[in-house]
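Reader: I would like to learn how to read a structure of this kind, feature by feature. Could you take me through it?

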Amino acid sequence: MGVIAPYGVFSVAGGAPRVGVRVGEGVIDLAAELGDEVFARPSLNAFMAQGPRRWAEIGSRVNELDATYALDEVTPRLPVAIADYVDFYASEHHASNLGKLLRPNAAPLLPNWKHMPVGYHGRAGTVVVSGTDIVRPCGQLATPDGPVFGPSRRLDIEAELGFLVGVGGARITPANVAEHVFGVVVVNDWSARDIQSWEYAPLGPFLGKSFATSISPWVTPLAALDAARIRTPIQDPEPLPYLRGAERWGLDIDLEVRWNGRLVSRPPYAGMYWSPAQMLAHLTANGATARTGDLFASGTVSGPARDQRGSFIELTWNGAEPIAIGGEPRTFLEDGDEVTIAAAAPGPDGTRVELGEVRGRILPA
Ligand code: CA
């Protein structure tokens with residue numbers, strides 16, 4: 001099998017959105033080329049629900065087709081009607097950094113962290129496609145005189161990967177994840193740190209996160225990332241049996257974060273403590289069903305080095321260590337700022353698989 005191309009939804013010159021495959025700098029209109037109505041739809045959901053045999057069949061037929069449009073002729077759309085959205089917290093470096101910043105006199109990791117992939121339910125309805133402008137959120141901000149309501153002053157990013165469920169189920173085992181997960185997108189989980197820090201106890205993230213989550217437009221099939229599979233770090237203590245798989249694999253994917261064009265971080269996905277299979281197993285372990293269109297994201301990807309941190313609260317150490325952007329010392333996002341997160345992975349035979357990028361610009365509140 002050759003290269004497995006990424007899928008998305010696009011429109012041309014105001015026409016109806018439809019499913020396409022990206023091949024280099026071109027896009028194949030699958031409904032037109034294959035005559036299958038499952039692709040004449042405004043989301044990938046119907047195709048994703050058909051399962052891995054069908055994904056493989058279409059993946060191999062795509063290699064025989066020529067591009068219908070040039071990439072710059074099409075407008076990318078949100079590729080999936082997002083069903084439920086869960087965000088995990090799977091990087092030990094990120095969780096430790098946040099622990100040190102938010103609870104400086106306590107152990108960096110909470111007692112549960114090495115026993116389960118910690119996560120929370122996010123807001124599916126505000127997942128947007130790359131290129132969508134992000135309006136600065138408003139909310140309650142703590143001050144010495146009590147809370148005030150106003151625009152966030154500590155608007156941040158989180159560089160993550162997201163996994164899209166094609167075939168649903170309950171109590172999915174780690175060994176079965178490839179039967180359920182269709183593909184991978186790059187995620188920016190926009191985060192208002194001031195809203196978040198006042199509201200989050202005791203029930204976790206809420207309005208500091210729910211205003212917007214951006215994803216890349218082209219979904220890289222999980223099968224295209226076989227050459228990127230690696231072992232996840234040693235897990236000590238050993239997790240409970242339902243989180244163990246025959247093979248505990250992670251993904252050797254390199255992320256790049258650009259702030260107004262300046263490369264500020266290269267977070268390595270390879271070091272993530274919890275695997276995608278463990279995340280999906282955990283989120284369905286209680287009997288809750290996953291369904292077609294579910295998005296579960298990894299949580300911020302951070303490595304051990306400063307220039308591998310996947311959020312600005314970590315990069316600037318809660319604002320104490322500004323970084324120079326356009327010659328100015330900066331800590332959090334200003335109106336007009338643009339952030340781009342890109343990702344790439346090893347492909348077959350020494351090639352690289354580009355997962356594309358997720359981009360967003362901040363508009364005033
Ligand atoms: Ca997050």
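Author: What follows goes from the metal site to the strands and then to the nonpolar cores. This is a predicted model, in which local features need pLDDT of at least 70 and side-chain atom pairs count only at pLDDT 80 or more, while totals for chains, interfaces and linings use all residues. Residues are numbered from 1 along each chain as its sequence is written, and side-chain values use heavy atoms, with hydrogens and water left out.

Reader: Which residues coordinate the calcium ion?

Author: Donors are N, O and S atoms within 2.8 Å of the metal (3.2 Å for Na, K and Ca), and since water is not among the atoms, sites may look incomplete. Here the calcium ion is coordinated by Asp-87 (OD), Glu-158 (OE), Glu-160 (OE) and Asp-189 (OD), at 2.2 to 2.3 Å. Asp-87 belongs to strand 6 (residues 85-88) and Glu-158 to the loop between strand 12 (155-156) and strand 13 (159-165), so the pair ties together parts that are 71 residues apart in sequence. Strands here are DSSP runs (E, at least two residues), numbered from the N terminus.

Reader: Are Asp-87 and Glu-158 buried or exposed?

Author: Buried means under 20% relative accessible area, exposed over 50% and partly exposed in between, with a 1.4 Å probe and protein chains only. Asp-87 counts as buried at 1% relative accessibility, and Glu-158 is buried with a relative accessible area of 5%.

Reader: In what order do the five strands of the open sheet run?

Author: Strands of a sheet pair through backbone hydrogen bonds, either parallel or antiparallel. Two strands count as paired if DSSP finds at least two bridges between them. In this open sheet the order is 9-26-25-20-21, with mixed pairing, and the edge strands, each pairing on one side only, are strand 9 (134-135) and strand 21 (262-265). Strand 25 (residues 338-346) and strand 26 (residues 352-363) run antiparallel and are joined by nine bridges, with Ala-343 standing opposite Gly-356 in strand 26.

Reader: Which residues touch the most other members of the largest nonpolar core?

Author: A nonpolar core is a set of buried Ala, Val, Leu, Ile, Met, Phe, Trp, Tyr and Cys residues joined through side-chain atoms within 4.5 Å. In the largest one, which has 57 residues, they are Ile-253, Tyr-269 and Phe-296. Not counting residues up to four places away in sequence, Ile-253 touches (heavy atoms within 4.5 Å) residues including Leu-161, Leu-225, Ala-343 and Leu-355. A second, separate core of 32 residues includes Leu-44, Met-48, Phe-182 and Leu-295.

How values were computed:
Helices (H or I, at least four residues) and strands (E, at least two) are DSSP runs, numbered from the N terminus.
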